[in-house]
Amino acid sequence: MVEDVIGCKWTVRLLWLLSDGLARPSRLLKACPGLSTKVMNERLRKLTRFGLLDRRVHGEKPPVVVEYRLTPLGRRFMRILAEVKKLQEALDAGLGAPPSP
C-alpha cells in the first residue's frame, strides 16, 4: 500500500490537499492542474479502499455533495509523509548527504 501511495505524484498531492482541508472533488481538481477527473477518481477510490480517506455523500437526489476526509489512519500516514518531505528537503539542501569519497 505504501509503495502504491508514495509512488504516485497525484496520490501524494491529493493527500496533501486533503490534509489542508480541501475536501470536494471539484476543489481538488482545480488545485491540481493536469489531473484528469478519471485519474483523480481512481486515486480517491484507492485511498478510500486503503482506509486513508473517508467518503461522505450528502443528499439523496442529484446534485449530491461528495466530500473526502482523512481518516485517523490517513492523518497518521500524513505525519510519515511530512517526515519524508523533511528528509527530501534536507537532501536537496545538501544536508545529510553521504560524504564524498
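I take contact to mean heavy atoms within 4.5 Å. The model I am reading is predicted.

**Entry: Arg-43**

I began with Arg-43, which I found in helix α4. Which residues does Arg-43 touch, not counting residues up to four places away in sequence? I listed Cys-8, Thr-11 and Leu-14. Is Arg-43 buried or exposed? Its relative accessible area is 18%. Buried means under 20%, so I put Arg-43 down as buried.

**Entry: helix α4**

Next I checked the length of α4. The helix has 13 residues. At 1.5 Å a residue they should span 18 Å. I read 18 Å between the end C-alpha atoms, which agrees.

Then I looked for the buried residues of α4. I noted Met-40, Arg-43, Leu-44 and Leu-47. They sit on the same side of α4, because they cover an arc of only 100 degrees around the axis. I turned to the face pointing away from that buried side. There I found the exposed residues Lys-38 and Arg-49.

What covers the buried residues of α4? My list includes the helices α1 (2–6), α2 and α3 (25–30). It also includes the strands β1 and β2 (65–70).

**Entry: α2 against α4**

Two packed helices are described by the angle between their axes and the distance between the axes. I looked up both for this pair. Helix α2 covers residues 9–19. It packs with α4 at an angle of about 70 degrees, and the axes are 10 Å apart. I therefore call α2 and α4 roughly perpendicular to each other.

Which residues make this contact? From α2 I wrote down Trp-10, Thr-11, Leu-14, Leu-15 and Leu-18. From α4 I wrote down Val-39, Met-40, Arg-43, Leu-44 and Leu-47. I sorted the residues of the contact into eight nonpolar, one polar and one charged.

**Entry: after α4**

I followed the chain past the helix. Just after α4, Gly-51 takes a positive phi of about 90 degrees. Leu-52 lies in the loop between α4 (37–49) and β1 (53–58).

Is Leu-52 buried or exposed? I noted a relative accessible area of 0%, so Leu-52 is buried. I left aside neighbours within four places in sequence and listed its contacts. They are Met-1, Val-5, Leu-47, Arg-69, Leu-70, Thr-71, Leu-73, Gly-74 and Phe-77. Leu-47 I had already met among the buried residues of α4.

Last, I compared Leu-52 with Cys-32. The two are 20 residues apart in sequence. In space I read 19 Å, C-alpha to C-alpha.

Methods: Residues are numbered from 1 along each chain as its sequence is written. This is a predicted model: local features need pLDDT of at least 70, side-chain atom pairs count only at pLDDT 80 or more; totals for chains, interfaces and linings use all residues. Side-chain values use heavy atoms; hydrogens and water are left out. Helices (H or I, at least four residues) and strands (E, at least two) are DSSP runs, numbered from the N terminus. Buried means under 20% relative accessible area, exposed over 50%, partly exposed in between (1.4 Å probe, protein chains only). Axes are lines fitted to C-alpha atoms, for helices over the stretch in contact, and angles run from 0 to 180 degrees between N-to-C directions. Angles under 35 degrees count as roughly parallel, over 145 as roughly antiparallel, 65 to 115 as roughly perpendicular and the rest as oblique. Ala, Val, Leu, Ile, Met, Phe, Trp, Tyr, Cys and Pro count as nonpolar, Asp, Glu, Lys and Arg as charged, and the others, Gly among them, as polar. The expected span of a helix is 1.5 Å times one less than its number of residues. The arc is that of the directions from the helix axis to the C-beta atoms.
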